[in-house]
Amino acid sequence: MASFTIPQKIYHGPGSLENLKQVTGKKALIVIGGGSMKRLGFLDKTINLLQEAGISSVVFEGVEADPSVETVMKGVELCNKENPDLIVGLGGCSAIDAAKAMWVFYEYPDATFEEITAPFTIKPLRNKARFVAIPSTSGTGTEATCVAVITDTAKGIKHPLVSYEICPDIAIVDGELAKSMPADITANTGMDALSHDVEAVVAALASTYSDTMALRSIRTIFDTLPQSCANGEDMAARQAMHDASCMAGMAFSNAILGIIHSISHQIGGMFGVPHGRANAILMPNVIRFNSRATDKYELMAQELGKETAEEFAVEVEKLRRTVGIEDSFKAYGITPEAWQEKLDAMVTNALADPCTGTNPRQPSEEEMKQIFECCFNGEVVTF
C-alpha cells in the first residue's frame, strides 16, 4: 500500500494570489525573507487580501538565504506572542522553509530541534494553525512538499526536516511573484527543480503518480528555463517554470530524493554554494553513477527525444551551460586546499544524509568520495 500527499488546495496561474480572499482564519503570521516581497508590493497585497477575508496579520521578516535554527526560534517567539491560526510563508524557499519549522515548534513548544531532524518524527500538526505557502522562486517546490531545510550554522550542516505533517494546506503558485528573479537565481532555482524531478523518478518510493508529474516537469523545464533566464518578463515561461517547480515538488515529496541532495547539502553548508547551482554541477555525474542500478533515466531521455542515460546526462550538461552554470566546483571558485580540508567530513555527512537511503544505488565510502572529487575537478564519473 502506498500514499500520495499533496496540499489540500493548489491555486495556480498569473493572478492566483487573489485566492487568499477565500482563506479562513482570524490571525495570520506572515514570514518573509530579505525584503523583495515588501519592496515589490506583494507583502502589502497579501495583508490586504487577508484583511478582505477578515484575517489580521503580523509579519516576521528577515529570514536569511539559508534559514538558521536561531531565526526559526525567533519566529517561534513571535508565534507564541501573537497566537496565529494561520501561518503564511511568502517569498523564496527559505522563508517558506523557516515558516514550516516555526509552525512545528509553535505547536510543540517543548520539542527540540534534534528531536525533529530524524525523518517522519514530527507529531501531528494543525492543532493551533494551518499553513499557506506562496513561493516567489521556481525551484524547491516547498509549497507542495514534506520537506524544509534548516541550517545549523555552528556545525555548517544543512538539516532536511522530512514529514508529511509539514506539507502545506494551501499552495498559491502565481508566476507574477517570480517575475523579478534575476537570471542567475532563475537558473539556480530552475536547475534545482530539475534535480528534484531527476531524483524522484529513480528514488526508492517512486510511483506512477510521481513519475507522471516528474516527467512532465522535466520536459517543461528544458522547454522554458532558457527563456525564463533570457527574459524574465515572459510570463508564459515564468508561469510554466513555477508550475514545473510545484510538480517537481509534489513528485519528490512522495518519491523522496537521492545523493545529488545528500552531497549538495554538505557543499552548501560548508561553502555556501547556492543549492540549485550545486545540484546542477552534481547532477550529470550522479546520473552516470546511478545508471548502473536503474534503467529509468531512459524514460527521462525519451522526454527529450533521446534514448540513453548518457545522452540524458549530456542534455543536462547542455542546459546547465546554456543557463550559465559552471561544470565543476573548482570552476565555481572553491580552492583545492579548502576542498581537501572539508572533504572527509562532507563524505561522512553525505553518507548519513537521509536522502542517501532512497538513492537507487548505495555508494560505498570510497565511491562517494570519488563522486565528490569528480564533481570538484569537472571529471566524468565512469564507475
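Arg288 and Glu317 are both buried (under 20% relative accessible area with a 1.4 Å probe and protein chains only; exposed is over 50%, and partly exposed lies in between). Their side chains meet in a salt bridge, 3.1 Å from N to O, a term for a side-chain nitrogen of Lys or Arg within 4 Å of a carboxyl oxygen of Asp or Glu. This pair links distant parts of the chain, with Arg288 in helix α10 and Glu317 in helix α12, 29 residues apart.

The model is predicted: local features need pLDDT of at least 70, side-chain atom pairs count only at pLDDT 80 or more, and totals for chains, interfaces and linings use all residues. Residues are numbered from 1 along each chain as its sequence is written, and side-chain values use heavy atoms, leaving out hydrogens and water.

Arg277 forms a salt bridge with Glu326, the closest N and O atoms being 3.0 Å apart. Arg277 lies in helix α10 (residues 275-290) and Glu326 in the loop between α12 (309-322) and α13 (329-332), so the pair ties together parts that are 49 residues apart in sequence. Arg277 is buried, at 10% relative accessible area, whereas Glu326 is partly exposed, at 23%.

Another salt bridge joins Glu18 to Lys45, with 3.7 Å between the closest N and O atoms. Glu18, Lys21 and Lys45 are linked in a network of such bridges. The structure holds 15 salt bridges.

Across the protein, buried residues make up 57% of the 383 residues. The C-alpha atoms fill a box of roughly 60 × 45 × 45 Å along the principal axes.

Key: Helix = DSSP H or I, 4+ residues; strand = E, 2+ residues; numbered from the N terminus.
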